[in-house]
Amino acid sequence: MAYTKVITTALTGGKSVYTSEILTNKFTALQESGDVVFTHETLEDSTVKTTQVWRDEAAYTSFISWLNSSGELAKMRAHHAANNITPSIS
């Protein structure tokens with residue numbers, strides 16, 4: 001059963017969401033394996049809406065576990081804190 005996460009991030013003044021080569025490579029591998037399909041949409045108010053459709057909740061949970069153990073989550077949180085970015089995840 002598909003598991004969907006929608007992340008909306010309000011960006012203004014040249015701010016950007018966290019990204020890294022490691023995270024990009026991980027998302028590429030997950031897309032190629034069919035574990036996730038994601039889209040990015042920039043709205044008129046500079047909000048970035050990312051929709052992630054995971055194969056199932058286990059695939060998402062596995063990714064979150066990797067995000068924690070790789071240190072990428074800590075880097076992402078630090079980037080967001082430094083730039084006063086508060087993503088909304090639903």
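The report below goes from the sheet to the helices and then to some single residues.

This is a predicted model, in which local features need pLDDT of at least 70 and side-chain atom pairs count only at pLDDT 80 or more, while totals for chains, interfaces and linings use all residues. Residues are numbered from 1 along each chain as its sequence is written, and side-chain values use heavy atoms, with hydrogens and water left out.

**The sheet**

Helices (H or I, at least four residues) and strands (E, at least two) are DSSP runs, numbered from the N terminus. Two strands are said to pair if DSSP finds at least two bridges between them. Here 4 strands form an open sheet in the order β2-β3-β1-β4, and their pairing is antiparallel. Because β2 and β4 (88-89) stand at the edges, each with a single partner strand, one side of each is left without a neighbour in the sheet.

Strand β2 (residues 36-42) and strand β3 (residues 47-54) pair in the antiparallel sense over 7 bridges, and β1 and β3 also pair in the antiparallel sense, over 8 bridges. Some positions that stand opposite each other are given in the table.

| Residue | Opposite residue in β3 |
|---|---|
| F38 | Q52 |
| T8 | K49 |

What do β2 and β3 form, and how many residues lie between them? They form a hairpin with 4 residues between them, and in its turn S46 has a positive phi of about 70°, although S46 is not a glycine. Relative accessible area sorts residues into buried (under 20%), exposed (over 50%) and partly exposed (in between), using a 1.4 Å probe and protein chains only. With a relative accessible area of 34%, S46 is partly exposed.

**The helices**

Contact means heavy atoms within 4.5 Å. Axes are lines fitted to C-alpha atoms, for helices over the stretch in contact, and angles run from 0 to 180 degrees between N-to-C directions. Two packed helices are described by the angle between their axes and the distance between the axes.

The axes of α2 and α3 come within 4 Å and cross at roughly 80°. The two helices α2 and α3 are therefore roughly perpendicular to each other, a term that covers angles of 65 to 115 degrees. At this contact W66, L67, N68 and S70 in α2 meet E72, L73 and M76 in α3, and the residues of the contact divide into 4 nonpolar, 2 polar and 1 charged. In this division Ala, Val, Leu, Ile, Met, Phe, Trp, Tyr, Cys and Pro count as nonpolar, Asp, Glu, Lys and Arg as charged, and the others, Gly among them, as polar.

Which residues of helix α3 (residues 72-82) are buried? The buried residues are E72, L73, M76 and H80. They cover an arc of only 100° around the axis, which puts them on the same side of α3; the arc is that of the directions from the helix axis to the C-beta atoms. These buried residues of α3 pack against α1 (21-33) and α2 (57-70), whereas the face turned away from the buried side carries the exposed residues A74, A81 and A82.

**Single residues around α3**

Is Y18 buried or exposed? Y18 has its place in the loop between β1 (3-10) and α1, and with a relative accessible area of 15% Y18 is buried. Leaving aside its neighbours within four places in sequence, Y18 is in contact with L23, E72, K75, M76, H79 and H80. The C-alpha atoms of Y18 and L73 are separated by 9.6 Å, although the two residues are 55 residues apart along the chain.

Just after α3 comes N84, which takes a positive phi of about 50°, a positive value in a residue other than glycine. N84 belongs to the loop between α3 and β4, and with a relative accessible area of 64% N84 is exposed.

Technical notes: Angles under 35 degrees count as roughly parallel, over 145 as roughly antiparallel, 65 to 115 as roughly perpendicular and the rest as oblique.
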